[in-house]
Amino acid sequence: MEHNFAKGLENIVALESSITFIDGEKGILEYRGFDIAELADMSYEQVSYMLIYGRLPDRNELKSFSDELKELRTISDSAFNVIRFCNYNIEAMDALRTTISFMSHCDPDLNDNSPEANIRKGMRMIARFPTVVASFSRTKHGMEELEPDPELSHSANFLYMLRGTRPSELEARILETDFILSADHELNPSTFTARTIASTLSDIHSSVIGGLCALKGPLHGGARMAVMEAIDEIGSVDKVENFVIGKVEKHEKLMGFGHRVYKTYDPRAKVYKKLAKEIAEDRGDMLWFDIAERMEEIAYREFVGKKGKPIYPNVDFYSGVVYKYLDIPSKLATAVFAIGRISGWIAHCLEQYSDNRLIRPRAKFVRSEK
Ligand code: ACO
């Protein structure tokens, strides 16, 4: 029997999904039929509800969903102790993976994998990811962890728990948009990993932890941290040209550029670029934005000149710039991405469980020389 073969599963359609639509040629992205531009004006709570339940909530549904998330934000003392035992040289992503794994042992729905229990477990993870990441960061920097502030939205509360002061309205709105833009992206590697684990009928915590492990990689969500570090390394606009040309000449990857699906400008990167400019102007410091914009220009020019095709920023590029202006340390970047992506993972796992077929591709056997 003949099998299709595509290295990296490129352009292979592995399953049906009604969560996210992407047109990589035209640069279109929709969640549940809503275009990225419309989504950016919603709240993260609204978008999460829509991803999970398949439709927008009415006013009462949104209120009870948001209230429930607020109530669930606190983590147990034993979970705090796990965070305190983490090695502080690690990325926040590793602490998140370890703590979520520990928290799963104590989940009241531990042995219940019904759809209702999976939604309850999902809600706890959505609510608690920010608490774990902020607490890890504060502990690592020798500061007391803070209790969540129930008056604040999901994004504003995260910034408050991270820094100890309430963020400005602009900062909270920008991070909220970041969470929304990060929330889902069809069968990206982390979501595919989560769905593959769910397809074995393993539990939803295990599926999400698999997603976290995949997101961490520098070719996926880890690129955001690399972008932030590259901007620091470059340091000034006049050094951008040598940096980019050096990468191209050495055939090294430019982090935050290129995409498997988008053959044009990533629509999320367009939104992030606007946000980065807005927050840079608000801070009265354009340096990081200017470095990034120059990187984009030089990368485009070099790729067109040397490879005969352009290269564009992806979701991780200007989001890294936004994080710098929000004073989010680079070692937190991938974990902050995960705070947004968790509702997408939950939605995909629920969809997988609801119409499951084991995900089990084939390998093309290549006999090695004896
Ligand atoms: N820097 C330099 N060259 C690149 C880059 C890049 N960022 N992206 C693609 N290219 C080049 C490749 O070297 C290749 O060149 P060639 O035709 O001369 O061999 C060509 O463009 C095609 O690229 P592929 O690697 O085949 O594209 P693929 O679909 O496999 O890669 C990927 C997509 C992995 C995202 C790639 O663009 C990349 O490594 N980017 C940098 C890491 C990054 O930013 N990842 C985040 C992606 S978004 C997300 O996951 C949240």
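Predicted model: local features only at pLDDT ≥ 70, side-chain atom pairs only at ≥ 80, totals over all residues.

Reader: Okay, which strands pair over 4 bridges, and in which sense?
Author: Strand β1 (residues 20-23) and strand β2 (residues 28-31) do, and they pair in the antiparallel sense. Two strands are said to pair if DSSP finds at least two bridges between them. Helices (H or I, at least four residues) and strands (E, at least two) are DSSP runs, numbered from the N terminus. Residues are numbered from 1 along each chain as its sequence is written, and side-chain values use heavy atoms, with hydrogens and water left out.

Reader: What holds strands together in a sheet, anyway?
Author: Strands of a sheet pair through backbone hydrogen bonds, either parallel or antiparallel.

Reader: And what's the strand order in this sheet?
Author: It's an open sheet of 3 strands in the order β1-β2-β3, with antiparallel pairing. β1 and β3 (34-35) are the edge strands, each pairing on one side only. β2 and β3 pair over 2 bridges.

Reader: Which residues face each other there?
Author: Ile-22 has Leu-29 in β2 as its bridge partner. Glu-30 stands opposite Asp-35 in β3.

Reader: How many residues sit between the strands in the hairpin of β1 and β2?
Author: There are 4, and Gly-27 in that hairpin takes a positive phi near 70 degrees.

Reader: Let's zoom out. How many helices and strands are there?
Author: The protein has 16 helices and 3 strands. Its radius of gyration is 21 Å, close to the 21 Å that the globule rule gives for 370 residues, so the protein is as compact as a globular protein of that length. That radius is taken over C-alpha atoms, and the rule is 2.2 Å times the number of residues to the power 0.38. The C-alpha trace spans about 65 × 60 × 45 Å along its principal axes.

Reader: How much of the protein is buried?
Author: Buried residues make up 53% of the 370. Buried means under 20% relative accessible area, exposed means over 50%, and partly exposed is in between (1.4 Å probe, protein chains only).

Reader: Which residues of α2 are buried?
Author: Those are Tyr-44, Glu-45, Val-47, Ser-48, Tyr-49, Met-50, Leu-51 and Ile-52. With 8 of the 10 residues of α2 (residues 44-53) buried, the helix is largely enclosed by the rest of the structure. Gly-54 follows α2 and has a positive phi, near 85 degrees.

Reader: What does Ile-119 touch?
Author: Leaving aside neighbours within four places in sequence, Ile-119 is in contact (heavy atoms within 4.5 Å) with Ile-52, Tyr-53 and Leu-350. Ile-119 lies in helix α6 (residues 115-140) and is partly exposed, with a relative accessible area of 22%. The C-alpha atoms of Ile-119 and Ala-347 are 9.0 Å apart, although 228 residues separate the two along the chain.

Reader: What about Arg-260, where does it lie?
Author: Arg-260 is in the loop between α12 (240-249) and α13 (267-283). Its contacts, leaving aside neighbours within four places in sequence, are Gly-8 and Glu-10. Arg-260 is partly exposed at 45% relative accessible area. Its C-alpha atom is separated by 9.8 Å from that of Gly-8, 252 residues apart along the chain.

Reader: And α12 itself, what do its buried residues pack against?
Author: They pack against α11 (223-234) and α14 (287-307). The buried residues include Phe-243, Val-244 and Ile-245.

Reader: Is His-251 buried or exposed?
Author: His-251 counts as exposed, at 69% relative accessibility. Its phi is near 55 degrees, a positive value in a residue other than glycine.

Reader: Where's Leu-201, then?
Author: Leu-201 is in the loop between α9 (189-199) and α10 (204-215). Leu-201 is exposed, with a relative accessible area of 56%, and its phi is positive, near 65 degrees.
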